[in-house]
Amino acid sequence: MSEEKPLDPEQQLRALGKAEAEMGRALAYGSRLLGWYCIVLGLTIGALAAILQLNRPDKHVFGFWLVITLYVIVIVVQSVVYGKLYRSLPQGYSTRYRRAFVMSIVFYAISIALLGLEISHWALLVLLGLIVAAPLLITGTKMVRS
């Protein structure tokens with residue numbers, strides 16, 4: 001058995017300060033990493049929403065199902081990545097991320113409902129993609145900057 005000498009109060013304070021500093025760096029890294037992840041996820045979901053408008057099921061069945069399949073893959077990958085990241089986040093960041101993610105999902109669902117309008121002008125497609133991506137882009141930008 002190894003015998004360790006108990007730390008005196010000064011050594012305990014130094015050890016505590018060192019642990020807090022390392023934890024602070026880990027939390028800052030986790031928030032920046034989740035922020036960049038939000039930005040990439042938002043742009044991906046926004047792009048899929050815009051591409052979906054060009055691949056309506058009545059005209060491009062294969063393209064429609066390809067975009068829907070890619071969307072499902074993005075959601076599954078998102079779940080796996082988030083499962084690895086959430087432990088290293090500052091308090092409240094997990095809630096912010098989930099709120100932004102759900103808002104983007106709702107906007108994506110609305111974009112599916114808009115398929116009947118046959119939006120094909122590139123400016124409207126870009127606007128639609130940005131609207132779908134906006135909650136995650138805004139949240140991600142705030143996380144990266146903090």
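First, the ground rules. Residues count from 1 along each chain as its sequence is written, and side-chain values use heavy atoms, without hydrogens or water. Because the model is predicted, local features need pLDDT of at least 70 and side-chain atom pairs need 80 or more, while totals for chains, interfaces and linings use all residues.

Now the layout. The protein has four helices and zero strands. Helices here are DSSP runs of H or I, at least four residues; strands are runs of E, at least two; numbering starts at the N terminus.

How much of the protein is buried? Of its 146 residues, 35% count as buried. Buried means under 20% relative accessible area, exposed over 50%, partly exposed in between, with a 1.4 Å probe and protein chains only.

Look at helix α4, residues 122-145. A kink of about 55° lies at Ala133, shortly before Pro135. That bend is the angle between axes fitted to the seven residues ending there and the seven starting there. Ala133 and Pro135 are among the buried residues of α4.

Next, charges. Side chains of opposite charge can pair when their charged atoms come close. The structure holds one salt bridge, meaning a side-chain nitrogen of Lys or Arg within 4 Å of a carboxyl oxygen of Asp or Glu. Which residues form the salt bridge? Lys59 and Glu118, at 3.7 Å, N to O. Lys59 sits in the loop between α1 and α2, Glu118 in the loop between α3 and α4, 59 residues apart. Lys59 is partly exposed, because its relative accessibility is 48%. Glu118, at 40%, is partly exposed too.
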